[in-house]
Amino acid sequence: MRKLNCVTIALCAVFAPSPARAQGASSRSTTDSATAAAVRREFVHAWGGYKRYAWGHDELLPLSKGYHDWYGHSLLMTPVDALDTMILMGLVDEAREARELVDSTLSFDQDIYVKNFEITIRLLGGLLSGYQLSGDKRLLALAQDLGTRLLPAFNSPTGMPYVEVNLKTGKVRNPRTNPAEVGTLLLEFGTLSRLTGNPVYYDKAKRAVVALYARQSPLGLVGSSINVETGVWSDSTSHIGGGIDSYYEYLLKAWLLFGDQDCKRMWEASARAVNEHLSEKVSGNFWYGQANMFSGARLSHHFEALAAFFPGTLALSGDLDRARRLQSSTFEMWTTFGVEPEMIDYRTMTIVDDGYELRPEIIESAYYLHHFTGDEGYRAMGRTFLRDLVACCRTDVGYAALTGVRTHTKRDSMESYFLAETLKYLYLLFAAPGTVDLRNHVFNTEAHPLAKTAR
């Protein structure tokens, strides 16, 4: 049995499950308001640790009380990534401090190779959403500068981007990539095109997506690794987990954000293939495993924490039946072990990878499912997530990833997405309706809300 600290005991008292409401109810109780406020306090706690021990750097090290910069030079990863969370939570002073830091010190004129995918979803997405929410034109100027510096990544024979690009020289390296790193750029580059009136950003990112889709197998599946120079697959394993996940997410979301009918067609065809060849019912639960992209032969029954985004994507597409069933399975993955492991074998319900990286995906899916169904069971899930995060991952200055969910052994890492995604989706699950209007906004894969109309 876990040892609960005083914060956990207090949360358990506040967030004990409330009496069930009729399915579809959308009312917001006092308990929901209290939960949102509790999540907000946990954000302030983690942000306070960053301010005290890592100010001006990329990330807080929550155990050693130090900092980590991804590339030896700070790109202000945490302040940029977390800015829109502060704005949505109404943390006016914190948002102002973060924005002033970014405006006054962030520079991309650095002779460093960066990962195009990570910098796009965290920094470009964060700058764009921060601009749209605050109106700070300096954020848009930084976004345009960054987007322009990233464009050389697309200069491959296929149009699919290299993994890394030098921000100062434009040199590229590492042609071996995956569908997620190719296909998870269109929302950010497309929004930049809309806001600047320059179509080059959208065109480059769209060409990359089309080039990848054209290389799917006759079954309609993609593999795990492809060479951007030759267009040849080097790993034919197909799944919905890390390395492929957000490729599917962005096909759907690019249609929703931009009205792109090509992306709609590609999403619908891809969803049919994934549901036909990767889904599986086991012991009454519903999962997605791994298969060969060419033959459809089942390769494993592994499911990753990263794949827990898919119920939310299915719900966003209107497929609530599969979304509900998969979310039920992923919640069992969480409750069986106290916190979800990075990977399990769902046939045996045993752990394959024992870590927990403060992932947001299962919380993201609970948020979407509650939004579209009004089912209060998804808020009950949220209370479980908050309780267990506090019990297992909270430190005196922030939150820490786990090296083992069985032992709750902490690792000295709090990536920026914990503030950008994990706590944002947990807050939005309990926040007042309309805090983010999903009719007019689409979240990128880093949970940055991008407006459907440029402004």
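Which residues do ring pairs link into a cluster with Phe286? Ring pairs join Phe286 to Tyr288, Phe309 and Phe310 in a cluster, where rings of Phe, Tyr and Trp (its six-membered ring) pair if their centres lie within 6.5 Å, and planes under 30 degrees apart count as stacked, over 60 as edge-to-face and the rest as tilted.

## Basis of the model

This is a predicted model, in which local features need pLDDT of at least 70 and side-chain atom pairs count only at pLDDT 80 or more, while totals for chains, interfaces and linings use all residues. Residues are numbered from 1 along each chain as its sequence is written, and side-chain values use heavy atoms, with hydrogens and water left out.

Arg325 lies over the face of Phe286, at 4.3 Å from the ring centre, a charge being counted over a ring if NZ of Lys or CZ of Arg is within 6 Å of the ring centre and within 35 degrees of the ring normal.

Strand β10 (residues 279-282) is joined to β11 by 4 bridges, and the two run antiparallel; strands pair if DSSP finds at least two bridges between them, and strands (E, at least two residues) and helices (H or I, at least four) are DSSP runs numbered from the N terminus. Glu280 has Trp287 of β11 as its bridge partner, and in the hairpin, which has 2 residues between the strands, Ser283 takes a positive phi near 50 degrees.

## The sheet β3-β4-β5

An open sheet of 3 strands has the order β3-β4-β5 with antiparallel pairing, and its edge strands, β3 (113-115) and β5 (172-173), each pair on one side only. Strand β4 (residues 164-166) is joined to β5 by 2 bridges, and Glu164 stands opposite Arg173 in β5. Arg173 also lies over the face of Tyr113, at 3.9 Å from the ring centre.

In the loop between β5 and β6 (176-177), Asn174 has a positive phi of about 70 degrees although it is not a glycine, and at 34% relative accessibility Asn174 counts as partly exposed.

Helix α16 (residues 417-430) has 14 residues, which at 1.5 Å a residue should span 20 Å, and its end C-alpha atoms are 19 Å apart, which agrees; the expected span is 1.5 Å times one less than the number of residues. The helix bends by about 30 degrees at Lys424, the bend being the angle between axes fitted to the seven residues ending there and the seven starting there. Because 14 of the 14 residues of α16 are buried, the helix is largely enclosed by the rest of the structure.

Of aromatic pairs the count comes to 22, and one of them is the tilted pair of Tyr368 and Tyr425, at 6.5 Å centre to centre and 45 degrees between the planes. Tyr368 lies in helix α14 (residues 361-373) and Tyr425 in α16, so the pair ties together parts that are 57 residues apart in sequence. Arg359, in the loop between β16 (350-353) and α14, is in contact (heavy atoms within 4.5 Å) with residues including Tyr417 and Thr422, leaving aside its neighbours within four places in sequence.

Technical notes
Buried means under 20% relative accessible area, exposed over 50%, partly exposed in between (1.4 Å probe, protein chains only).
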